Structure formats: structure tokens, C-alpha cells
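Subject: Structure for you to look at

Hello,

Here is the structure I said I would pass on. My notes on it follow below.

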Amino acid sequence: QVQLVESGGGLVQAGGSLRLACAASGRFFSINAMGWYRQAPGKQRELVARVTQSGSTNYADSVKGRFPISRDNAKNTVYLQMNSLKPEDTAVYYCNAEVFSGSYYRNYWGQGTQVTVSS
């Protein structure tokens, strides 16, 4: 089993910054992609940013240039630096990891962390 533990959410004023972290633990062979998704009230969950094991990234258009994603493969941890936050960034942010057990790939999700941006 694999666990994803998130940290770093909270309340911040518009224009401020927060840094999210997500650490994977458990028994697995490797982790392919890690990323962050978010879900605002009444909306579908959407991709925010994603990074592969080799370092390739992709971002939602709404966060490009503001939310750099990074990864420490040795620590199985992914980070999301959120800068210039806007009220519309308010959501529950979920960590996601595509984990290879040695036989198959499986997606895992964190429990979610609330990010609230006040205007």
C-alpha cells in the first residue's frame, strides 16, 4: 500500500504565497508522475500541475508562471510553490502519484489540503 501525505495548505491573502508538499511512502518499485489537482465547491477536479520522474512538467493555463512544480525523487516528494495567489485559486488541493509496483501502475491520491485565498 502507498500513502500520500500532504502539507502546507492554509489561508492567505490575495497576492500571497503558499508551498504545498506531498510525500509518498509505502512499498513500491518507482513513481512515474506526481502532480497536484484541485477541486473548488461545485466544480470538477482539475489538473493544476504535473511532473514526471525525468522532470517534464505540464500546467493548467490558469497557473502557468505562478505555480512552479518540483520534485525530489530521493525523498519521493513533490512540491507546489503557489505565488501571486488569487481568490479563484481557492480549492481543496489533492496530491496524485502514478506508482509502479513492479508489476502494474496504479494512481494514488492524498487526503486533500484546503487552500483559501481571501480578497
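Which residues do ring pairs link into a cluster? They are Phe29, Phe100 and Tyr105. Rings of Phe, Tyr and Trp (its six-membered ring) are paired when their centres lie within 6.5 Å; planes under 30 degrees apart count as stacked, over 60 as edge-to-face and the rest as tilted.

Some ground rules before the rest. This is a predicted model, in which local features need pLDDT of at least 70 and side-chain atom pairs count only at pLDDT 80 or more, while totals for chains, interfaces and linings use all residues. Numbering runs from 1 along each chain as its sequence is written, and side-chain values use heavy atoms, with hydrogens and water left out.

Aromatic pairs

The count comes to 3 aromatic pairs. In one of them, the rings of Phe29 and Phe100 have centres 5.8 Å apart and planes at 85°, so the pair is edge-to-face. Phe29 belongs to the loop between S3 and S4 and Phe100 to strand S9, 71 residues apart. Strands (E, at least two residues) and helices (H or I, at least four) are DSSP runs, numbered from the N terminus. Phe29 is exposed, at a relative accessible area of 62%. On this scale buried means under 20% relative accessible area, exposed over 50%, and partly exposed in between (1.4 Å probe, protein chains only).

Tyr37 and Trp109 also pair edge-to-face, with ring centres 5.0 Å apart and planes at 70°. This pair links strand S4, which holds Tyr37, to strand S10 (residues 105–109), which holds Trp109, 72 residues apart. Tyr37 is partly exposed at 21% relative accessibility, and Trp109 is partly exposed at 39%.

Charges over rings

The charged end of Arg45 sits over the ring of Trp109, 4.6 Å from its centre. Arg19 lies over the face of Tyr79, at 4.1 Å from the ring centre. The rule here is NZ of Lys or CZ of Arg within 6 Å of the ring centre and within 35 degrees of the ring normal.

Salt bridges

How many salt bridges does a search of the whole structure find? It finds 4, each being a side-chain nitrogen of Lys or Arg within 4 Å of a carboxyl oxygen of Asp or Glu. Arg38 bridges to Glu46 (2.8 Å, N to O) and to Asp89, with the closest N and O atoms 3.0 Å apart. Asp89 is in the loop between S8 and S9 and Arg38 in strand S4, so their bridge ties together parts 51 residues apart in sequence. Asp89 also forms a salt bridge with Arg66, at 2.9 Å between the closest N and O atoms. Arg66 lies in the loop between strand S6 (57–59) and strand S7 (69–72). Through shared partners, Arg38, Glu46, Arg66 and Asp89 form one network. Within it, Arg38 is buried at 7%, Arg66 at 10% and Asp89 at 1%, whereas Glu46 is partly exposed at 36%.

Leaving aside neighbours within four places in sequence, the contacts of Tyr93 (heavy atoms within 4.5 Å) include Trp36, Leu80, Met82 and Arg38.

Regards
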